[in-house]
Amino acid sequence: MAADGDGVLSEGRMRGLLDLFERLRERPTLRQRDRLRPLLLLLGPGNRTRAVADAFKKRCEDEWAPVSHFAADTVTTDTASVLREAKRELSKRSSSPRWEPSMRFPLLEMALWLRDLREIRIQGDPVLPANASAAERENHRLVYDLTHSPVCDSEEARRQALRRVIRKRGRDVLRDLEDTRRGRGATFMGFLEQIVPIGVAVVALVSAGAAAAIDLLAAGLAAAFGLAFVATQFLIRTRGKFADVRFAWFRRQPYLNSGSTDFLSFALGVFDPRPLEPGDQAEQLDLLLVAAFLEDLRRNYRRDYRRAAWARVRYPVLIFEHLTPGHPGVAFLETVERVRARMQSEPGRHRIDPLVIVAGVDPTAPSDPDPLVPSGQRLLDRVTRAMRADPLSGEPADVVAAGRLWSHYRRDQRFAEALGSRRDLRVDVTRDPGGDLPPVTPPRGRPWLTHPVLPWVAMVAVTVASVALIVVPTLGYCSPDQIRRTGDGECVGITDGAFHFGESSAGENNDNRLSPVLRRIKKQNDEVKKSGKVHVTVVYLGPVTADPQIKNHQIDLLAGAQGELMGLAIAQQRFNDATQNLRLRILVANAGAKFRYAEQVAEQIRERALEDRSIVAVVGFEQSKVQTQQAIKVLTKSALPMVGTANSYGRTAMLDRGGFSPYYFRLAPPNSRLARHAAFWARNGEVGGRKARTAEVIYSADPDDLYSQDLAHEFRKAFGAGNVRMWPYQDPGEVTQAAEKACRDPKDLFYYGGRSDEFRTFVNALDHACGGRPVVLADDEIAKYVTDNAAEIGRKGTYELYFTPLAAREAWTGRWIGKDQAPQTFYSDYDRVVQESGQNELPGQRPSVTRAAVSYDAATMIAKLADAIYYQQKAEPTPGAVFAALNDPERDVLPRGASGVIRFGPRSTGHQVPDKPVMLATVRPDGRIEVSQVCGRLVPSGQGKARCP
């Protein structure tokens, strides 16, 4: 059956017409070249052409191809309104295939905006309707400023005002102002796809080449410059303030242009009506709008570096389902052809736009809607003359022969200019001779090389390969000597001092605050090797790098690790200078900031101890962390003696099967003893000069931090649970909040049981939230902070600070050791070594003398026991022999340690030092430390009396 009851063709009988439509909108390959498409005229009454137009529209929409359909009820009044509707529909998401950016019309949008300003200017201060949009209000305000404001009385002032508005609008001027929700995403993704994949891939290749040819610094500079260039290109293409660059096309087009030198001059020329007839002005504006529309389409289909332009294999289609006399679509067709003819006639401007136009026309309709005008000319003749086609070129094809029109047209076009020998193809949709119709030829598919994922896949592949060339050599190991790089950039492992743990991001040994002491240890280790004498090795396990999250290296709080290394270096030098036969060698094992990698590094120590039999002990373990516990369990399997320097959590060395590790010995008093002394001194007026009845306790609730929670609860128990308010914090960012809440109704005393990393945040919060001069009591953990900031604490005087250090030079005075006792010589050696290292005068760079003292005691104790074993047994000391000597509860293993007398208790108590000194210290206004109480055995005999629990 050829047609339905209304004489409308069925879809089966449209095959020839559909095949012609597919060929018209099918984009040729690069080899075939883009060519202008003729106008497809559907001849017949409105109901017939409407059915064909609907079929064309459905075919486009089914495959998400760009189409704009002007139905009979589409409201359009002039060429500008036709263009607005076409732009709106062609830039809709449904007019672009999935995963493809929508088409954009910045030139047309700018031209329409200038037209709106011109219309407002001509109308002369029209009254805005109450429901005017924000864009309309802004346009009226701009016109008023340009025409009435006294500050815009010159052309330059108007240029500045117009430039400010364009900059303010930014990307809004470059996209559809009527559809901002869609425009923002399309703008971003379109420009992102244009710039980023190619730019990032090139940057990655250049950076990898720079890294291979020069060094990582050159690679970093190349990457920085390259990414900056990519970002600049993105800004140029998306920001309104680059209007002169973005809209340079307006200066070159021939309409309403009086030789403008820049875009702003052209815009002002459009805004100010020139001495032309009103008809001429409207005609020129319409030509400008159509030219901008066609240029936008051409750019959307331009085969350049943009993948999306190559992926568009369907030309955009404008469908006028039925043109009538007076329909603005007729004037639009005429204007399009005038613009095309103008562009093709000018030298060097043979630019092909991709627009396909389909129009339904009734051959019997007159050319003019005015009944008073004679109807000698038909609308069809008017349209064909606008296309410069011959009205007598032949009868229109029927719906079957329509399929052959394309092959005839292509054959003729080979021998014609760009506009072709025939500018229209006519099909009479009322004629159907019957007969079989061939199937519609399948349309050309998108080339696989233009798949939207491909640029990103290529970018990722190139970037990953380039980054691998840079990262792989440095990611695995910072140094060939068992120093590996972690995911957060830290270098962890074991060194003899040759590798300087610190701030280097590429593995090279950059100087930092630990470099001088590491160089000293390395030098002394080399001297041990050169001596050829028997030696024992002590491995130090500690956090030798700062937290990577700390960007300000002036507050890295490495004073603790720096002090412990300094104490080891002093012990090594003093022992090697004093003994004749045995030598002491030091290895430094970095467990990472906050002991994050303690277990993995302990495995390295264990493996190394199996190969190097000179390793007799491991010292350090300064932080009470879950990771520290795991490291102790690993080393227990190796039967290596371990000496904890500042670790005060009572159950740190507890094993899974119950009981303490037999190989772990602690120098620091447990938290229970430290808290008991602190609470006693606070209640009895030794802290702050008055007896404290209530206390605020700030502490870390981090489940990995065994020290802080234990210390806080031990203090609460010793002070009196009913008189204490607890303020835990999970994240360092919560410290300020906890302190501010405590300051709303502050107690007599603030007891800080947190880590030194957050202590600065805590005291800063006190400065801002608490009135008066609050009293702060803390443990030895903040000794690292005090070392770097004692002068500032004393000078500011905003709070009174008391703490319980594990050791202090200020305790070695006549008051505590008696007038007949010789002072501890370690502290004088410490001053000399610090002076030689050049760190004595650097603010915030001095090592912690407290931590230096305890690590000095640990290394000295191991070295002296090993020396006694070597002297007695005439054989190299072993870990087992050193362990046996440490495990003797009948004698002092170190009678005059820098931190006091050392004799370890039984395993059942965790090998504590039962009478290890607990001290109370404060910071004086001049920044000096003063020790006011010393409880425990600082010296074997003759010690001064103190108030002790």
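What follows is a working chat about a predicted model of a protein chain.

Reader: Before we get to details, how many helices and strands does the protein chain have?
Author: In this predicted model, the secondary structure of the protein chain comes to 30 helices and 22 strands.

Reader: And what share of the residues is buried?
Author: Of the 949 residues in the protein chain, 56% are buried. The accessible surface comes to about 40,200 Å², and 52% of that surface belongs to carbon and sulfur atoms.

Reader: What about contacts between residues at least 6 apart in sequence, how many of those join residues at least 24 apart?
Author: Among such contacts in the protein chain, the share joining residues at least 24 apart is 71%.

Reader: Let's turn to helices. How does the span of α4 agree with what it should be?
Author: Helix α4 covers residues 106–123, and at 1.5 Å a residue its 18 residues should span 26 Å, which agrees with the 26 Å between its end C-alpha atoms.

Reader: Is α4 mostly covered or mostly uncovered?
Author: Mostly covered, since 13 of the 18 residues in α4 are buried. Just after the helix comes Gly124, which takes a positive phi of about 75 degrees.

Reader: Why would residues three or four places apart point the same way in a helix?
Author: An α-helix has 3.6 residues a turn, so residues at that spacing point the same way.

Reader: Moving on, how do α18 and α19 lie, roughly parallel or roughly antiparallel?
Author: Helix α18 (residues 515–531) and helix α19 (residues 559–578) have axes that come within 9 Å and cross at roughly 25 degrees. Angles under 35 degrees count as roughly parallel, and α18 and α19 are therefore roughly parallel to each other. Their crossing is left-handed. On the α18 side the contact is made by Val517, Leu518, Arg520, Ile521, Gln524, Asn525 and Val528, and on the α19 side by Leu565, Met566, Ala569, Gln572, Gln573 and Asn576.

Reader: And at what angle do α1 and α2 pack?
Author: Helix α1 (residues 15–25) packs against helix α2 (residues 46–62) at about 50 degrees, with the axes 11 Å apart, and the two are therefore oblique to each other. This crossing is right-handed. Leu17, Leu18, Phe21, Glu22 and Arg25 of α1 meet Val52, Phe56, Arg59 and Cys60 of α2.

Reader: While we are at α2, where is Trp64 found?
Author: Trp64 is found in the loop between α2 and β2, the latter being residues 67–70. Trp64 has a positive phi of about 55 degrees although it is not a glycine, and with a relative accessible area of 24% Trp64 is partly exposed.

Reader: What is the phi of Ala639?
Author: Ala639, which is not a glycine, has a positive phi of about 60 degrees. Ala639 lies in the loop between α21 (626–636) and β12 (642–644) and is partly exposed, with a relative accessible area of 27%.

Reader: Now a strand: is Ala778 buried or exposed?
Author: Ala778, in strand β17 (residues 775–779), counts as buried at 1% relative accessibility. Leaving aside neighbours within four places in sequence, Ala778 is in contact with Tyr752, Tyr802, Phe803 and Thr804. Ala778 and Tyr802 are 24 residues apart in sequence, yet 6.3 Å apart in space, C-alpha to C-alpha.

Terms used
Residues numbered from 1 in each chain as written. Predicted model: local features only at pLDDT ≥ 70, side-chain atom pairs only at ≥ 80, totals over all residues. Heavy atoms only, no water. Helix = DSSP H or I, 4+ residues; strand = E, 2+ residues; numbered from the N terminus. Buried < 20%, exposed > 50% of the residue type's maximum accessible area, 1.4 Å probe, protein only. Contact = heavy atoms within 4.5 Å. Areas by Shrake-Rupley, 256 points an atom, 1.4 Å probe, with all protein chains shown as cover. Expected span 1.5 Å × (residues − 1). Axes fitted to C-alpha atoms, helices over the stretch in contact; angles between N-to-C directions. Parallel < 35°, antiparallel > 145°, perpendicular 65-115°, else oblique. Left-handed = near helix turned anticlockwise from the far one by under 90°.
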